[in-house]
Each structure stands twice: as C-alpha cells, then as structure tokens.
Amino acid sequence: MKNTVRSPGSATIINAIATGFGSAFGIALDIECEAKTTSCDIECFNDVGADTTLMELCVSRVFNHYNIDKDEFGVSLKTKSSLPMASGLSSSSASSNAIVKVTSEIVAEEFNLKPLTDLEVVNMAIDASLEAGVTITGSFDDATASYFGGVVITDNKKREFILRQKMKDYKILIYMPNFHSQSGQSDVERMKVLAPLVETAYDFACKKDFFKAINLNGLIYSSTLGFNSSIAVDALQAGALASGLSGTGSAFFAIVDDNSVDEVHDCWMKYDGQVISTQVDNRGCRLL
C-alpha cells in the first residue's frame, strides 16, 4: 500500500515569538511525503540529506495513537521538497504535517481505522516538532497556514484560531541568501524585548491590514535578529505591495503584482543568493 501527501510552506505576517500571537499564510512551495507499508519498523528518507529525527518522531506518535507495534507493522517514508530548509518558510511544519497525515491515512486504511482529524494531525505534528526542538512557540500559526492554506491568525499558546480565511492569489517572490537560520536556536529573550512594537503590527493583522502588518513585523524582527532590513525596503521601493522577513529568517518575501514583479526581482538580484517565484497557496495539506 502506498499514499502521498503534499503540504505547503508558509510566510510570516506576524512572528509569534515575542507575544505568543502569530499570523501566516500558505505559499505554493511544498513538501511531498510518500509512504508505503513494510513488514516492520520505521524507515525515513529525504531528498536534502537532513536529519530524520523529526520524521521518525512524527511516525512514532501516529503509531502510539493507534497502538501500532513497529515490530509487527512498518512504514517507509521519503520526502521531496521545493521548499528551502531552515529558511523561515515553515519547512518543519510542512514536513511534520505531511508525515503525520500520510502515516495516519496509511495506518487507518491498513487496519480499517478512522484517520486523524485535521486538528489532530496539526497538534500531533506540533508536538513532534516541539520534541525535536525545531520550533520555539509550537508554531500553531505556521502549522495551520501550512495545513489549511490561506491566511491564519492564531493564539499559539492556546492553539486557537483568531482568524482563518482564504487569501487573494497574490504572486510571491522569495529572496534566499546563501545561509540558513534555524528557528529553534534563536534568541528568544532578545525578540521579546520588542513585544510592544510587535503588538502594533498584530493589531494591523487583526484589522486585516496584512500588508502593513508584514512590513512592520519584518522591520522589527530583521533588525532584532541582525538581518539586513534594506532587503525588504528595496522591495517596497521597487513597488512590492508588502515585504518582510519570514519567521526568524533567513528568507525575505515580497507580495507583488504584475506591475512590480519584474522590478522587485531585479532589485533583489543585486544581493548574493537566489530569488524564487511562487504564489499564495489556499489548498493546504492534501492527499495526492
């Protein structure tokens, strides 16, 4: 038996580390996870040579939920990604969502059981990510933007939605510098110092003024974390509708239209790194 699930990444509107409240939206760069049954044990592979601890934790949690003994039943999983790793684009959330969902589907089908619900998948994926140390807040905002697509505003501590809706199909440009930043290793106390400013950005998001929220959040976090905020300002000067730092970096993104996409792309080409073109994702995590 074999199943495949794809799960998109997300870009940040409000980083939740400072206040516990976050916002993000799905982007059409994703991770696909293919799972097939084996006689026993858990085997995990990925196309980027990354550590497989998170993958194994995700599968183990699903097995524990269904009381599956890996000595009597197994799965082999492999992931492939169009989503840059360790970049602030929710690669961990996308990966864990895809792995938990595909494992749940294949176990449920094999043993005639009920698959996990959407929020059971998300929460199990978050718990695995926290155990693996790849997230600070649990990233309920990133995880749900990845799983459901569209835009979300969330209380990450309570794992509750404040807002969830589709987003207009904007074009997105992503600037990827030639280095990575892992969110689990970020300086939390330094980011919390600027909580009052982040709250202002959060107020913009709650009023659905997402562009202002992205711009302000990006300036706050890029300066706090030592990234070059001129990258976002250059994009705005070139006509971007909004631009900011995603997560704790290292990726910056810009929301663009037909009139600004080429100008923003060109202005970012002067920096070392690469520029990736994508768009908003409203489909979320799904079986292929």
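**The chain as a whole**

Please keep in mind that you are looking at a predicted model. The protein chain has nine helices and 11 strands. Its C-alpha atoms fill a box of roughly 60 × 35 × 30 Å along the principal axes. How does the radius of gyration fit with a compact globule? For 288 residues, such a globule would have a value near 19 Å, and the protein chain has 19 Å, so the two agree.

Buried residues make up 56% of the 288 residues in the chain. Among contacts with a separation of 6 or more, 75% are between residues 24 or more positions apart.

**Two pairs of packed helices**

Two packed helices are described by the angle between their axes and the distance between the axes. Here are both values for two pairs in this model.

| Helix pair | Angle between axes | Distance between axes |
|---|---|---|
| α8 (residues 230-237) and α9 (residues 261-268) | about 150° | 8 Å |
| α1 (residues 53-65) and α3 (residues 118-132) | roughly 135° | within 9 Å |

Let's take α8 and α9 to begin with. Which way do these helices run relative to each other? Angles over 145 degrees count as roughly antiparallel, and α8 and α9 are therefore roughly antiparallel to each other. Their crossing is right-handed. On the α8 side, the residues in contact are I231, D234 and A235, and they meet V264, C267 and W268 in α9. By class, this contact has five nonpolar residues, one charged residue and no polar ones.

Now turn to α1 and α3. Their angle makes them oblique to each other, and α1 passes α3 in a right-handed crossing. From α1, the residues L54, L57, C58, R61, V62 and H65 take part, and in α3 they meet M124, D127, A128, S129, E131 and A132. This contact divides into seven nonpolar, two polar and three charged residues.

**A closer look at K101**

You can find K101 in helix α2, which covers residues 91-111. Is K101 buried or exposed? Buried means under 20% relative accessible area, and K101 counts as buried because its relative accessibility is 10%.

Which residues does K101 touch, leaving out those up to four places away in sequence? They are V5, V121, Y147, C285, R286 and L287.

Methods: Residues are numbered from 1 along each chain as its sequence is written. This is a predicted model: local features need pLDDT of at least 70, side-chain atom pairs count only at pLDDT 80 or more; totals for chains, interfaces and linings use all residues. Side-chain values use heavy atoms; hydrogens and water are left out. Axes are lines fitted to C-alpha atoms, for helices over the stretch in contact, and angles run from 0 to 180 degrees between N-to-C directions. Helices (H or I, at least four residues) and strands (E, at least two) are DSSP runs, numbered from the N terminus. Angles under 35 degrees count as roughly parallel, over 145 as roughly antiparallel, 65 to 115 as roughly perpendicular and the rest as oblique. A crossing is left-handed if the near helix is turned anticlockwise from the far one by less than a right angle, and right-handed if clockwise. Contact means heavy atoms within 4.5 Å. Ala, Val, Leu, Ile, Met, Phe, Trp, Tyr, Cys and Pro count as nonpolar, Asp, Glu, Lys and Arg as charged, and the others, Gly among them, as polar. The radius of gyration is taken over C-alpha atoms; the globule rule is 2.2 Å times the number of residues to the power 0.38. Buried means under 20% relative accessible area, exposed over 50%, partly exposed in between (1.4 Å probe, protein chains only).
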